[in-house]
Amino acid sequence: MVSDIISAKDLHKVDPVFGQLSFDNHEQVVFCNDKDTGLKAIIGIHNTVLGPALGGTRMWQYANEWEALNDVLRLSRGMTYKSAITGLNLGGGKAVIIGDAKTQKTPELMKKFGEFVHSLSGRYITAEDVGMETADMDLVREVTPYVTGISESKGGAGNPSPITAYGVFMGMKAAAKYKFGSDILEDKTIFVQGIGHVGESLVEHLVDEGANVFIADINQERLEEVRSKYGVTIYGGSDIYSEPMDIYAPCALGATINDDTINKLQAKVIAGAANNQLATEEKHGKILQEKGIVYAPDFLINAGGIINVYAELEGYDKKEIMRKTENIYNTTLEILDNAEKNNITTNHAALNIAQNRIEERKNENSN
């Protein structure tokens, strides 16, 4: 047997889960591996006080397993607060599959992942996220009932992306109302970073309203496609954060508001679909507050997707989905006003509401 000496910089990895900075008293973390299909996945269940943990599955080519674990912990935590603040009887969970969705995703891999989901007996309910399609959820549905976001033809609510985008649009309009005195986005300069399914749907809403839209993405082909479809402008610079703009809408991966970007940021409002936009919630939320930049909490305004898939569990129709999603506008205004009144960050104000609801339910359950 050979023993390796652990270097000082790696000492924190001795406690790879409980010692993670992103670990927030998660109830369960499940590591899934299948040699035959090549599946390597992690399921994070953060909190089930309000109900079963529901959250999408993301397939991404992470640099390493440590990065994947950090992502699933942050994402599952965010789902807890997203459901709580939206008034849904759901807990928070998320899953990540390590790999390239374009080249490594197979029907066999998706079904095997579904078997792991099924083994949790409903504590975790999955859905689609980055790198996933409705068709992938249909495959998962073949081996487990614990999945949402399946095709409408199979009795599901379909692709949640348009509803997610509509909720972001509502939250953005509320933030604009708070900052500019009007929720009309006509002639406002808005940068949309990331134009996947949600980003494109958001672009459509913004163009319909007459906004001056710039788009950015790592996929040049996708940029050209969206530009020709909606007549928007592709951002050709190298530092989007330093550009003068009214609204910055991050719609790709999280943590774009970080130590490197926050002091360069010229936006007056941040409202986008990406999860975990603040690299460090307290620190970067406070800096935004001090700079007078209105931040619409991501886990609130991107909740349209979970509202959409929740309809499959509760059986309400499209009209009710849209009503609940439109209400993101009112909740956003309430949180922005609450943050100002109590001199706290908007993220803090949103977390307070979500955490209070969870505590109330926990107390009810213990009585």
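In helix α3, the buried residues are T134, D136, M137, D138, L139 and V140, where buried means under 20% relative accessible area, exposed over 50% and partly exposed in between (1.4 Å probe, protein chains only). Helices (H or I, at least four residues) and strands (E, at least two) are DSSP runs, numbered from the N terminus.

This is a predicted model, in which local features need pLDDT of at least 70 and side-chain atom pairs count only at pLDDT 80 or more, while totals for chains, interfaces and linings use all residues. Residues are numbered from 1 along each chain as its sequence is written, and side-chain values use heavy atoms, with hydrogens and water left out.

The chain as a whole contains 12 helices and 11 strands. Its radius of gyration is 20 Å, close to the 21 Å that the globule rule gives for 367 residues, so the chain is as compact as a globular protein of that length. That radius is taken over C-alpha atoms, and the rule is 2.2 Å times the number of residues to the power 0.38. The C-alpha trace spans about 60 × 55 × 55 Å along its principal axes. Of the 367 residues, 53% count as buried. Contact means heavy atoms within 4.5 Å; among contacts between residues at least 6 apart in sequence, 67% join residues at least 24 apart.

L202 is in contact with A165, V168, F169, M172, A249 and C251, leaving aside its neighbours within four places in sequence.

I43 lies in strand β2 (residues 39-47) and is buried, with a relative accessible area of 0%. Not counting residues up to four places away in sequence, I43 touches Q28, V29, V30, C32, V72, K94, A95, F113, V117, L120 and Y124. The C-alpha atoms of I43 and A101, 58 residues apart along the chain, are separated by 17 Å.

Another covered helix is α9 (residues 304-314), where 8 of the 11 residues are buried, so α9 is largely enclosed by the rest of the structure. The buried ones are G304, G305, I306, I307, N308, V309, Y310 and A311. They pack against β3 (53-60), α1 (65-86), α4, α10 (318-326) and α11. After α9 comes G315, which has a positive phi near 80°.

Which residues other than glycine have a positive phi? Among them are A255, at about 60°, and N343, near 55°. Most residues other than glycine have a negative phi, and most peptide bonds are trans. A255 sits in the loop between β9 (247-250) and β10 (269-270), and at 29% relative accessibility A255 counts as partly exposed. N343 is in the loop between α11 (328-342) and α12 (346-366); at 56% relative accessibility N343 counts as exposed.

Is Q20 buried or exposed? At 8% relative accessibility, Q20 counts as buried. Leaving aside neighbours within four places in sequence, Q20 is in contact with D15, W66, L69, N70 and L73. Q20 and K319 are 299 residues apart in sequence and 41 Å apart in space, C-alpha to C-alpha.

Last, the surface. The accessible surface of the chain comes to about 16600 Å², of which 47% belongs to carbon and sulfur atoms. Such areas come from the Shrake-Rupley method with a 1.4 Å probe, and for residues only the protein chains shown count as cover.
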